[in-house]
Amino acid sequence: MSENYDQYQGQSQGQTQPQALYYSYGDISGLLQEHLLNVERSVQTIVQGEMRTLTSSVERQQQVGGNVSTTSNQRLVLYNDILDQPGWIGTVFSLGGGRQSPHTPGNIGSSAHNRELEEQRMMKAHNDEINSLSLQLGQKASELDQVRQQAETDRRTISNQLSREKEANRNLTDKLAKFREMLVKPSTDYVIDSVVMQKFSLLRSRILKIVRSTFETRLATNKLQPQLNDRQKEFFALLKTDGSQTKYFVNRIRGIIFSLLWEEILSRAVFGLDDSEELDKVKWALELLEDAFLSKLPKENLKEFVDWRMASSKCGSLLGGNTNLASETANKIWNFLKPVETIPGSEKKGKDLLLRLCEDAMELNSHLRSSRDVFEIRRSFKGPLEIHMDFVDEEADEELDPRRDSGDKPGDVAYCLFGALVKRTEEDPLKEIVLEKGLAVVYKA
């Protein structure tokens, strides 16, 4: 500093000297204030992150019904105070400013010794303020570390509490299910609708698979035709060999397979009696008696019919199972369709699929008859489709055959591809519940 003063003196006496640089106390104070503002911004960023973490922990704790700790509330107040008071570091550590350096030209008359003392005093004051600021920042950093550690502790506590609550909820749910099972024991005399519907839909899809994978869309012309019965003659007379009705082959065959399956299995009151000459008459008598009960008894007396059917089925099952009905039905359907050309190499697989279809139909029949609900697979839909819309949907259309004088009109049901699944219950025997609608082919205009 004395050298600067000497340079100034030399210049005042006419000597040519380079211009010296002088820094005032205000300049140094401004730089320090700018540094403190940067520190304050960093502290505020840390505080904002900690506040978000602590706020989320408090909200989760309130959601699970826990009490918010006093420490958490105090930390929230502290964070708000810091964020709501910008410039708080400058307020705590006021550096003053605006004082001129004693080395300005106005103070040139001061002695070198006084200048050095003044500079030492100023440097000491700056060092003291910096040390004090560093101490305060260290304390704030320590407080923030404590807040962060406490927030992590609270988070773990809330997480553990939430896990315990979830486990307790699972235990209560399991206990409730056990109590419900103890109080309401499921009856073995009822079947689940969804299971019945699944088995029913499986039969419908199996028939389509058999037709598409086994039969050509034309009648056989290169092999000896079997002797046809009256029903076969009527059916195949509708399918011309010139190919003009090839597009109707698939639906026609689907319809006849379902009709034969319905007649032999799905509509039968199968009692589980084994095929034997001794029991043949008993079997048919029981079937006729059940049909008579169902058709003659008033609909509101459904309970009496169900009681009789459950008892007769149970007694019939003691006499053995009907092991031949499925294979007999499969052979009957295959023989009926012999005039239709088969896809080369598909005959064995087609017969296996047909047998599986009949076995599934037997299983469905047995499942339906084991319930106190009365199920019916309905297929008789005559006249206009619009009067049967609650029970059947249109799957396809077909032209009226001009060779037939049946009295059918456009919009009438030509035949049923697959029946409707209808249910009645003892609680409301007059109400018919349609579980699955049937599929029909309709004559088009």
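User: Which residues does L337 touch, not counting residues up to four places away in sequence?

Analyst: This is a predicted model, in which local features need pLDDT of at least 70, side-chain atom pairs count only at pLDDT 80 or more, and totals for chains, interfaces and linings use all residues. Residues are numbered from 1 along each chain as its sequence is written, and side-chain values use heavy atoms, with hydrogens and water left out. Contact means heavy atoms within 4.5 Å. With residues up to four places away in sequence set aside, L337 touches F215, F236, I253, I256 and I257.

User: Is E300 buried or exposed?

Analyst: E300 is placed in the loop between α9 (277–296) and α10 (302–317). Not counting residues up to four places away in sequence, E300 touches P429 and L430. Its relative accessible area is 51%, and therefore E300 is exposed.

User: In what order do the 3 strands of the open sheet lie?

Analyst: Two strands pair if DSSP finds at least two bridges between them. β3 and strand β6 (residues 420–424) pair in the antiparallel sense over 5 bridges, and V374 stands opposite R424 in β6. The pairing in the sheet is antiparallel, and the order is β3-β6-β7.

User: At about what angle does helix α6 run to β7?

Analyst: Axes are lines fitted to C-alpha atoms, for helices over the stretch in contact, and angles run from 0 to 180 degrees between N-to-C directions. Helix α6 (residues 193–214) lies across β3, β6 and β7, and its angle to β7 is about 50°.

User: How many disulfides does the count come to?

Analyst: A disulfide is a pair of cysteine sulfur atoms within 2.5 Å. C358 counts as buried at 0% relative accessibility, and C416 counts as buried at 9%. By the distance rule, the number of disulfides is 0.

How values were computed: Helix = DSSP H or I, 4+ residues; strand = E, 2+ residues; numbered from the N terminus. Buried < 20%, exposed > 50% of the residue type's maximum accessible area, 1.4 Å probe, protein only.
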